[in-house]
Amino acid sequence: QDPEEYLANLVARIQQRKDKPQFIPTGFDNLDSLLDGGLYPQLYVLGAVSSVGKTTFAMQIADRIAAREQTPIFYFSLETSKDELTEKNISRLTFELANSTSGNPQTARSINNGYWLDHKKEFDLVTKAISTYSNYYSQIKIYDGTLNRPTAKTIQNRVRNYRRKHPDIKPVVIVDYLQILKPIDDKDTDKEQVTKSIATFKQIASELEVPVIVISSLNRASYQN
């Protein structure tokens with residue numbers, strides 16, 4: 001293609017899409033400012049050392065996008081069960097909804113063990129949190145991969161099939177987390193496995209025009225470096 005023709009076509013494509021939303025706000029103002037508005041159709045890696053709340057933060061982003069933007073979330077969880085993630089979200093809502101007259105906010109563990117069922121105020125608070133969550137929960141599609149780990153290709157096929165059925169809907173894809181994905185090829189080294197998975201997630205973002213967030217664990221030595 002002639003260079004001048006290509007540049008003219010590029011400008012035309014930009015003009016066509018300039019009034020259409022190109023990004024999805026995360027709901028965290030400072031983060032959205034750093035991201036030029038929010039999440040674009042590209043790959044994002046959320047990396048940190050263990051036990052600093054990567055999953056919790058990713059779920060908070062998912063919750064805000066689902067609630068405020070009514071955008072579907074595809075959350076592939078390989079380490080935490082669907083029940084655990086849901087209990088964490090309900091727990092967070094009890095803290096947000098609690099006031100001086102309500103019952104005590106509940107941790108995910110206390111929600112799981114049913115403490116609140118025998119205490120009227122706590123019961124009312126948790127019930128209110130569950131009701132709030134139900135307003136947008138249908139947008140959060142949690143795929144529990146704790147027993148049957150998917151490969152990056154499995155995730156790609158699932159998102160691709162969804163986009164074919166719903167061409168006007170672009171979900172946000174979250175993978176939790178990179179290092180425990182099932183390898184695309186069992187013969188690959190650890191480095192080759194990660195490289196192939198990352199390449200597949202980049203392809204998902206570009207081909208299907210969706211934001212992809214991949215959570216990655218960093219060992220403390222690499223973090224210090």
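Helices (H or I, at least four residues) and strands (E, at least two) are DSSP runs, numbered from the N terminus. By this definition the protein chain holds nine helices and five strands. This is a predicted model, in which local features need pLDDT of at least 70 and side-chain atom pairs count only at pLDDT 80 or more, while totals for chains, interfaces and linings use all residues. Residues are numbered from 1 along each chain as its sequence is written, and side-chain values use heavy atoms, with hydrogens and water left out.

**Overall architecture**

- Read from the N terminus, the order of elements in the protein chain is α-α-β-α-β-α-α-α-β-α-β-α-β-α.
- The C-alpha trace spans about 75 × 45 × 40 Å along its principal axes.
- Of the 225 residues, 40% count as buried, where buried means under 20% relative accessible area, exposed over 50% and partly exposed in between (1.4 Å probe, protein chains only).
- Contact means heavy atoms within 4.5 Å; among contacts between residues at least 6 apart in sequence, 70% join residues at least 24 apart.

**Surface and charge**

- The protein chain exposes about 13300 Å², of which carbon and sulfur atoms supply 49%; accessible areas come from the Shrake-Rupley method with a 1.4 Å probe, and for residues only the protein chains shown count as cover.
- There are 29 positive and 27 negative side chains, and the centres of the two sets lie 2 Å apart.
- Lys and Arg count as positive and Asp and Glu as negative, with His and the chain ends not counted; the place of a charge is taken as NZ of Lys, CZ of Arg, CG of Asp or CD of Glu.

**Nonpolar cores**

- A nonpolar core is a set of buried Ala, Val, Leu, Ile, Met, Phe, Trp, Tyr and Cys residues joined through side-chain atoms within 4.5 Å.
- The largest such core has 28 residues, and I65, I73, Y75, V172 and I174 have the most contacts inside it.
- At least two residues of this core come from each of α3 (54-69), β2 (73-77), α4 (82-97), α6 (120-134), β3 (140-144), β4 (172-176) and β5 (212-217).
- Its largest share, six residues, is supplied by α3.
- A second, separate core of 20 residues includes L78, A152, A205 and V214.

- Two strands pair if DSSP finds at least two bridges between them; β2 and β4 run parallel and are joined by five bridges, with V172 of β4 as the bridge partner of I73.
- β4 also pairs with β5 in the parallel sense, over four bridges, and I213 of β5 is the bridge partner of I174.
- Beyond its neighbours within four places in sequence, V172 is in contact with I24, L39, I65, T71, P72, I73, F74 and P211.

**Backbone features**

- Most residues other than glycine have a negative phi, and most peptide bonds are trans.
- A cis peptide bond, with omega about 5°, joins D176 and Y177; Y177 is in the loop between β4 and α8 (190-208).
- Q70, in the loop between α3 and β2, has a positive phi near 55° and is partly exposed, with a relative accessible area of 42%.
- E209, in the loop between α8 and β5, has a positive phi near 55° and counts as partly exposed at 39% relative accessibility.
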